[in-house]
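Look at the model first as a whole, then follow the chain from one contact to the next. Keep the sequence at hand as you read.

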Amino acid sequence: GDKTAVQDCMNQYGGLVWSLARRMLSDINEAEDAVQEIFIEIWKNAERFDEAQSSETTFIAMIARRRLIDRLRKTTRLPDIDSFEDILVEPSRNDGETMQINIEAKQAAKAMQNLRPEQQKVLQLSIVQGYSHQEISEVLKMPLGTVKTHARRGLLEVREFLENTNNRKGVSA
């Protein structure tokens, strides 16, 4: 209930909340509105914070993420599912480790193309969008067990594809 606490909270966590909003929302005005709503939500739920369960940062990030996902769901029935190739960015640094990671990410994206469409959607929502299995179940209107099965089998198929690719190239996994 302390009004100075609100300002302190905004000063300390404003950058975190803003960066989450900008990353998840494409429109800057939408992000600004979301940040305001998130801090109102934090204010309303401050009494629910429990140090024994999580840190302040985690508590605030969880509220922010939930509000942002809710906002995305309001604007679209289904989330924008980018292909894995679209999210891969060429490395800004040209060091060996970064290039290796980029090569491996492209190999994984290629492996994803071999999956059944349902497996691709589930893994894209999970990996790219950061949705939980429960959230994917709700978005795709698919039973939770089916979502988990698609995720598990899809990951196993990607792993097998990558192992076979590396073995053909003479690289040990």
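Helix 1 and helix 2 cross in a right-handed way. A crossing is right-handed if the near helix is turned clockwise from the far one by less than a right angle, and left-handed if anticlockwise. Helices here are DSSP runs of H or I with at least four residues, strands are runs of E with at least two, and both are numbered from the N terminus. The model is predicted: local features need pLDDT of at least 70, side-chain atom pairs count only at pLDDT 80 or more, and totals for chains, interfaces and linings use all residues. Residues are numbered from 1 along each chain as its sequence is written, and side-chain values use heavy atoms, with hydrogens and water left out.

How do we describe such a pair? Two packed helices are described by the angle between their axes and the distance between the axes. The axes of helix 1 and helix 2 come within 10 Å and cross at roughly 135°. Axes are lines fitted to C-alpha atoms, for helices over the stretch in contact, and angles run from 0 to 180 degrees between N-to-C directions. Helix 1 is therefore oblique to helix 2. Angles under 35 degrees count as roughly parallel, over 145 as roughly antiparallel, 65 to 115 as roughly perpendicular, and the rest as oblique.

Which residues meet here? From helix 1 come Val-6, Cys-9, Met-10, Tyr-13, Gly-14, Val-17, Trp-18, Ala-21 and Arg-22, and from helix 2 come Ile-28, Ala-31, Glu-32, Val-35, Ile-38, Phe-39, Ile-42 and Trp-43. Contact means heavy atoms within 4.5 Å. By class, the contact of helix 1 with helix 2 has 14 nonpolar, 1 polar and 2 charged residues. Ala, Val, Leu, Ile, Met, Phe, Trp, Tyr, Cys and Pro count as nonpolar, Asp, Glu, Lys and Arg as charged, and the others, Gly among them, as polar.

Now look at the cores. In soluble globular proteins, nonpolar side chains tend to be buried together. A nonpolar core is a set of buried Ala, Val, Leu, Ile, Met, Phe, Trp, Tyr and Cys residues joined through side-chain atoms within 4.5 Å. Buried means under 20% relative accessible area, exposed over 50%, and partly exposed in between (1.4 Å probe, protein chains only). The largest nonpolar core has 17 residues, and Cys-9, Val-17, Ile-38, Phe-39, Ile-42, Ile-60 and Leu-68 touch the most other members. Helix 1 (3-24), helix 2 and helix 3 each supply at least two residues of this core. Helix 2 gives the largest share, 6 residues. Leaving aside neighbours within four places in sequence, Ile-38 is in contact with Val-17, Ile-63, Ala-64, Arg-67 and Leu-68. Another core lies apart from this one, with 14 residues, among them Tyr-131, Ile-136, Met-142 and Val-147.

Move on to Arg-65 in helix 3. Arg-65 counts as partly exposed because its relative accessibility is 31%. Not counting residues up to four places away in sequence, Arg-65 touches Gly-130, Tyr-131, Ser-132 and Glu-135. Arg-65 and Val-17 are 48 residues apart in sequence, yet 8.7 Å apart in space, C-alpha to C-alpha.

Helix 6 (residues 117-127) and helix 7 form another pair, packed at an angle of about 130° with their axes 10 Å apart. So helix 6 is oblique to helix 7. Their crossing is right-handed. Lys-121, Val-122, Leu-125 and Ser-126 of helix 6 meet Ile-136, Val-139 and Leu-140 of helix 7. These residues divide into 5 nonpolar, 1 polar and 1 charged. The buried residues of helix 7 (residues 133-140) are Glu-135, Ile-136, Ser-137, Val-139 and Leu-140.

Lys-141 sits in the loop between helix 7 and helix 8 (144-168). Lys-141 is not a glycine, yet has a positive phi of about 55°. Most residues other than glycine have a negative phi.

Finally, step back. The chain has 8 helices and 0 strands. Of its 173 residues, 29% count as buried. Among contacts between residues at least 6 apart in sequence, 62% join residues at least 24 apart.
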